[in-house]
Amino acid sequence: MRRPLGVWLVLGSMSLWAGGMGMDGVGAAEGQPAGKPWWEGSQAGISDQVLPPWTPVEAADGLVQVWGREYRFEGPLPLPTAVQTRQKPVLAGPIGLRGKAADQELRWTGGPCRLVEARPSAAQLTGQAESAHLECQGTIRVEYDGMIRCDLELRPKQGPVVVQELVLEMPIPAEHAKYFHFYPGRWGSSYNSRALPAEGYKSEFKPFFWLGDEWRGLSWFSESDEHFYNPKGVPPIQIVRRSGQVVFRVLLITEAWKMAEPVRYTFGFQATPVKPDRPDAWDFRTVHMGSYQVDEAFLDRLVQAGVRTMCFHEHWTDIQAYPATTHGAELRRLAEACKKRNIQLLLYLGYEMSTIAPEWEAYHEECLVAPRAGGYKRTYQPQPDQTAYIVCYRSKWQDFLAAHLEKLLKEYPISGVYLDGTANPWGCRNTKHGCGYKRPDGSVGTTYPIFSTRSMMKRIYTLVRQYVPDGQVNVHQSTCMTIPTLAFATSYWDGEQLQSLKRPEKFEQIMEILPLDAFRAEFMGKNWGVPAELLHYASGPFHRS
Ligand SMILES: [Zn+2]
């Protein structure tokens, strides 16, 4: 969500333009130090601390409990066997790996998963299973927000073996799989959130899928489709109905493939909601603004109107999405004036690197997503013209942002951040920082850096909460409910994807733009455990009459 200069009041569904005001002062950005910059290798925000509202992880052999959820790992495969959230089971049976090797059905045997490490912030288990021709061993890590990471290694037991089929299956009671959501979605559409059709659903590879109801759900994720071997045209994601269950199936191998070496897969799972949904978006009472020219009388009027949060958009600094400003004196004055009035000031941080950032020359090749994406042209005179491109948080830019955020929190009495797109794991093939993977035909496949984006979000949440115990991580993420990254948001803005659509003539036609089932799946927040705000512009399709 980016806006020209000005001030908005956004209170629930009310949006009020409060005048356009220019920003003064254009100066050179911070100079780049010689040699290795101070922020490279920064540990800012990397912590073992369990931050509220979460509670410490409790773990035993085969069982891990986190806030609001209970996970069991009682089979030999390093995968969940039971998941309970909001007092209901959202697995109808163990998550399995079905298939055939050397024409024989895979029948896994072995003891239950064992707990190898239990800390308040995370638990680690191992599992080892074997079938006639394959072994599967792996580790499970459960973090305090309930994110489960399973690293699996499959290997042939006696020399190369032909695997005819390998399918991950996640059975869910049908009453808890009414809706689904996947990432990435599409601008101009809500098609990635909807009711599960009676006939099920098939999809090309998507790195994130969630199935759930109005109150809870279970997600699966994988950063890429590396080592997926299926005939052309066969969609690898297949959701089928089977005797009162909905089975989420990931086709890993359905085209006979000779396994000569160990093959690794990393899957994530996370049950929702991930945390209590209070305080909610109404408690925050947010305004959005884009200028330092806000006088004390105006702030007093905001307080009288009930404002408690101010999101200062990218205009707080001259360089797009840059986590430092040359308007230090103005920022201090505004932050202090807000603090005096109990207004939480949140600063915009994004997902981009600007062509006028001092680091551009040295870091853009290494840190941007590849192929290059974004290209937002910022032309707010008298600020300098520039173009900004999407960065990947698997790169050093994660340290850059975390280190600078810590500096901001130390230097100014701000209360957190307004993040634009920072929680989205943008598709990336930049092998310079470890994204992308080599396909059998030599081409480079896309990875979606979910774990690195999660690390970025976790560091941001940790820093904000370490410096401001009730601070906010206010996220704009339209179309993207990747909960392993979004869990660390204190609220989310969703709906910009629909703002370019024409306002329909009849009110009923709104339902075609944003069907209620899509709204229930993606826009309510309760089933995710992150408070939701519906984003709309005065020019958008939603009109209050
Ligand atoms: Zn990348």
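1. Strand 27 and strand 29 (residues 386-390) form an antiparallel pair with 3 bridges; two strands count as paired if DSSP finds at least two bridges between them. Strands (E, at least two residues) and helices (H or I, at least four) are DSSP runs, numbered from the N terminus. Serine 354 has alanine 388 of strand 29 as its bridge partner.

2. This is a predicted model, in which local features need pLDDT of at least 70 and side-chain atom pairs count only at pLDDT 80 or more, while totals for chains, interfaces and linings use all residues. Residues are numbered from 1 along each chain as its sequence is written, and side-chain values use heavy atoms, with hydrogens and water left out.

3. An open sheet of 3 strands has the order 27-29-28, paired antiparallel. Strand 27 (352-354) and strand 28 (374-378) are at the edges with a single partner strand each, so one side of each has no neighbour in the sheet. The twist averages 30° from one strand to the next.

4. Helix 4 (residues 360-367) lies across strands 27 and 29, at about 150° to strand 27. Axes are lines fitted to C-alpha atoms, for helices over the stretch in contact (heavy atoms within 4.5 Å); angles run from 0 to 180 degrees between N-to-C directions.

5. The largest nonpolar core has 147 residues, and Leu97, Trp220, Phe269 and Leu345 have the most contacts inside it. Such a core is a set of buried Ala, Val, Leu, Ile, Met, Phe, Trp, Tyr and Cys residues joined through side-chain atoms within 4.5 Å, buried being under 20% relative accessible area (1.4 Å probe, protein chains only).

Definitions and conventions:
Buried < 20%, exposed > 50% of the residue type's maximum accessible area, 1.4 Å probe, protein only.
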